[in-house]
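Welcome, and thanks for taking a look at this one with us. Please have the sequence and the model open side by side as you read.

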Amino acid sequence: MPQQLRCRLAFALVLLVFLPGPLPAQDKSGGARAAQVNAEAWDGKRALAVIVDLVRFTPRAMETPGHQQTIDYITTALKKTKFGAVTLQRWTANEAGRTMAMTNIIARFNPENPRRVIVATHYDGIIKAYRDRNSPDAPMPGANNSASGVAVLLETARVLSELPGVPPVGIDMIFFDGEEGPISLGAGDPNYRAIGSPYFVDHLAEFYPNARPEKMLDFDMVCFRDMRLRAEQSGLNSAAVEVRKFWEIGLKLAPGIFEKQPAPYAVGDDHTAFQLALIPSFVVIDIEYEPFYNTTEDTPDKCSVQSLEAVGRTLVRYLYLP
């Protein structure tokens, strides 16, 4: 992995020094329970269509027309599901010498359930393809890097709304703004840090006045046609039991995509702010995305229906675990 990419994604290593090792032993009973949930309705073609739609709004960075178009697209899609009670968390951020209007999108399923689980992604995009050798100032499409996570959440919202019965936990879907940093350049910004997720955590009591969420799952870069998903180390430190549950299901559903051996590094993303708040959290991400990472070639043809279904169907079954 190029050092530039490692620098962008591994800043959470300051939390702990990790030693790589195999995933914890699998819980056979938990996997059996999850297998009873029919997740076949989760449609990778529909998810890929969402990615194609979002790429049309490029660039989707803060303060661009595509940014607001993306907000409108997500809220419209959610209102067609049982996640239709959408809250827009708006604030003004003073970052990198400018003032920016920011918006996190929060949608709740089964809001009466006091047990809450956060399922999250980011929707903002990088403003230019700074790693592209030929066109570093061109808009960055971001099919994998940002649109794929949105597609996974929206298709999951649709499926959960149609399945009989409800999961044992209430689900809060959060689409974070500003994950790509103050100047929307990811590793291109030497002072990179996420904006939307730390802001949400700072205001956690506004959404969880009585009890904090039990756990948080984050999704980013999850559509690559050659995807290989390995558990990263910050999640294993923060939420080892939950990582084991998720990978147990994934290994059964898509053994060619999920890998038992974890990654030897930590990844910093929107889950990091929740880890710092001591909420068990992990990210599902494949950062091995060369040579397309943050270039003009991060386009829908690099995505696959099979990769999307592997992640989405695993998520649905996971959410029905006790």
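How many residues apart are arginine 313 and glutamate 309 in helix α10? The two are 4 residues apart within α10 (residues 305-319), which means that about one helical turn separates them. Please keep in mind that this is a predicted model.

- Arginine 313 and glutamate 309 form a salt bridge through their side chains, with an N to O distance of 3.4 Å.
- Buried is the label for both partners, arginine 313 and glutamate 309.
- The pair also belongs to a network of salt bridges that links Glu40, Glu309, Arg313 and Arg317.
- Across the structure, the count of salt bridges comes to 19.

- Helix α5 has 20 residues, and its first and last C-alpha atoms lie 27 Å apart, close to the 28 Å expected at 1.5 Å a residue.
- This helix is mostly covered, with 19 of its 20 residues buried.
- A salt bridge joins glutamate 162 to arginine 158, and their closest N and O atoms are 3.1 Å apart.
- Both residues sit in α5 (residues 143-162), and because they are 4 residues apart, about one helical turn lies between them.

- Glutamate 242 and lysine 215 meet through their side chains in a salt bridge of 3.0 Å, N to O.
- Glutamate 242 and lysine 215 are both buried.

**The β1-β2 hairpin**
- Strands β1 (residues 86-95) and β2 (residues 98-109) run antiparallel and are joined by 10 bridges.
- One of the pairings to look for is alanine 93 with methionine 100, its bridge partner in β2.
- The hairpin has 2 residues between its strands, and alanine 96 takes a positive phi near 50° there.

**Valine 284 in strand β6**
- Valine 284 is part of strand β6, which covers residues 281-285.
- Is valine 284 buried or exposed? Its relative accessible area is 0%, so valine 284 is buried.
- Beyond its neighbours within four places in sequence, valine 284 is in contact with Asp218, Phe219, Asp220, Val222, Leu229, Phe246 and Trp247.
- Histidine 271 lies 13 residues away from valine 284 along the chain, and 9.9 Å separates their C-alpha atoms.

**Cavities**
- How many cavities of 30 Å³ or more does the structure hold? There are 2 of them.
- The largest cavity has a volume of about 70 Å³.
- Its lining is made up of Arg228, Arg230, Glu232, Ala263, Tyr265, Val267, Ile285, Asp286, Ile287 and Glu288.

Technical notes:
Residues numbered from 1 in each chain as written. Predicted model: local features only at pLDDT ≥ 70, side-chain atom pairs only at ≥ 80, totals over all residues. Heavy atoms only, no water. Salt bridge = Lys/Arg side-chain N within 4 Å of Asp/Glu carboxyl O. Buried < 20%, exposed > 50% of the residue type's maximum accessible area, 1.4 Å probe, protein only. Expected span 1.5 Å × (residues − 1). Pairing = 2+ DSSP bridges. Contact = heavy atoms within 4.5 Å. 1 Å grid on protein atoms, 1.4 Å probe; cavity = no way out; pocket = protein on both sides within 12 Å on 5 of 7 lines; lining within 4 Å. Points joined across faces, edges and corners; volume = space filled by probe spheres on them.
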